Amino acid sequence: MDLSKKQQYGVLAGLAVLMAITRYHHFVPVPDASWAIYFIGGFYLKGLSRWAFPALMLEAVAIDYVSTQHLGVSSYCLTPAYAFLVPTHAVLWLGGFWLQGRASMNGRGFGALCASAFVTVSIAFTISNGSFYWLGGRYATPNMAEYLDRFAEYYPHFLAMPCLYIAIAAATHVALVMAKRTAAERAARS
C-alpha cells in the first residue's frame with residue numbers, strides 16, 4: 001500500500017494521537033494500542049520509517065515518564081528491562097513492514113495479515129515479558145516454571161488487544177479501499 005507523503009503524515013498523526021489517548025488511559029479507559037500502532041506504522045509509513053519509528057518511541061517514553069512521575073501511575077514496570085521495549089516495538093514495526101509487500105484484498109492477503117500479526121505480536125510478547133521477568137529484578141528467585149505460568153497468564157491478553165486494534169485498522173482500510181473503488185466506478189459511469 002503506497003500512500004502519498006501527505007497521507008503518511010496523516011497516518012502518523014493519527015497513530016500519535018491514538019497512542020496519546022490509549023497509552024495513558026486515565027481519560028479514556030480503553031486498552032493500550034501501542035503494539036498495534038507500531039505494527040500499523042510499519043505497514044503504512046514505509047517512507048517515514050527512519051524517523052517515524054523513533055518519534056513514536058520517544059512519544060511512548062514521554063507518556064510513560066509523565067504518567068509515572070507526575071500523574072500517579074505506578075512505575076512497577078519501569079525496570080532495567082524497559083530498554084527491551086525498543087526491540088519489542090521494532091519487531092512489531094517490521095511485522096507491519098513485511099506485511100506491506102504481501103497485502104491484498106483476498107484470502108491470501110487476509111492470511112498474511114493474520115500470520116504476520118500473530119507471529120510478530122507473539123515474538124514481541126516473548127521479548128517484553130521475558131526481559132521483564134528475567135531482567136527486571138522484580139522476582140527474587142526467577143525460575144522457568146514461574147515464568148511459564150506468568151507467560152500463560154498474560155499472553156492471551158497481550159495477543160488479543162493488539163490483534164483487535166489491527167483488525168479494526170484492517171477493516172477500516174478495506175472500507176476505505178472499497179469506498180474509493182465505488183467512487184471511481186461512479187465517476188467512470190458519469
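I take a contact to be a pair of heavy atoms within 4.5 Å. This is a predicted model, in which I read local features only at pLDDT of at least 70 and side-chain atom pairs only at pLDDT 80 or more, while totals for chains, interfaces and linings use all residues. Residues are numbered from 1 along each chain as its sequence is written, and side-chain values use heavy atoms, with hydrogens and water left out.

**Entry 1: the chain as a whole**

I then listed the secondary structure, taking helices (H or I, at least four residues) and strands (E, at least two) as DSSP runs numbered from the N terminus, and the protein chain has six helices and zero strands. Along the principal axes, the C-alpha atoms fill a box of roughly 70 × 35 × 30 Å. For burial I used a 1.4 Å probe and protein chains only, with buried meaning under 20% relative accessible area, exposed over 50%, and partly exposed in between; by this count 38% of the 190 residues are buried.

**Entry 2: the nonpolar core**

I define a nonpolar core as a set of buried Ala, Val, Leu, Ile, Met, Phe, Trp, Tyr and Cys residues joined through side-chain atoms within 4.5 Å. The largest one holds 35 residues, and M19, Y38, L45, L56 and W93 have the most contacts inside it. Two or more residues come from each of α1 (5-23), α2 (34-44), α3 (49-69), α4 (85-100), α5 and α6 (144-189), and α2 gives the most, with eight residues.

Helix α5 covers residues 107-135, and its 29 residues reach 41 Å from first C-alpha to last, close to the 42 Å expected, where the expected span is 1.5 Å times one less than the number of residues. At the start of α5, a side-chain oxygen of N106 comes to within 3.0 Å of the backbone nitrogen of R108. After α5 comes G137, with a positive phi near 75°.

Beyond its neighbours within four places in sequence, F125 is in contact with W35, G130, F151, Y154, Y155 and F158.

**Entry 3: salt bridges**

I searched the whole structure for salt bridges (a side-chain nitrogen of Lys or Arg within 4 Å of a carboxyl oxygen of Asp or Glu), and the search finds three. R23, D32 and D64 are linked in a network. In the pair of R23 and D32 the closest N and O atoms are 3.8 Å apart, whereas in the pair of D64 and R23 they are 2.7 Å apart. Because D64 lies in helix α3 and R23 in helix α1, this second pair ties together parts that are 41 residues apart in sequence. R23 is buried at 14% relative accessible area, D64 is buried at 12%, and D32 is partly exposed at 31%.

How far apart are the closest N and O atoms of R150 and E146? They are 3.7 Å apart, in a salt bridge, and the two residues are separated by about one helical turn because they stand four residues apart in helix α6. R150 is partly exposed, with a relative accessible area of 24%, and E146 is partly exposed, with a value of 24%.

Technical notes
A polar contact is a pair of N or O atoms within 3.5 Å; within protein, one must be able to donate a hydrogen and the other to accept it, and residues adjacent in sequence count only if both atoms are side-chain atoms.
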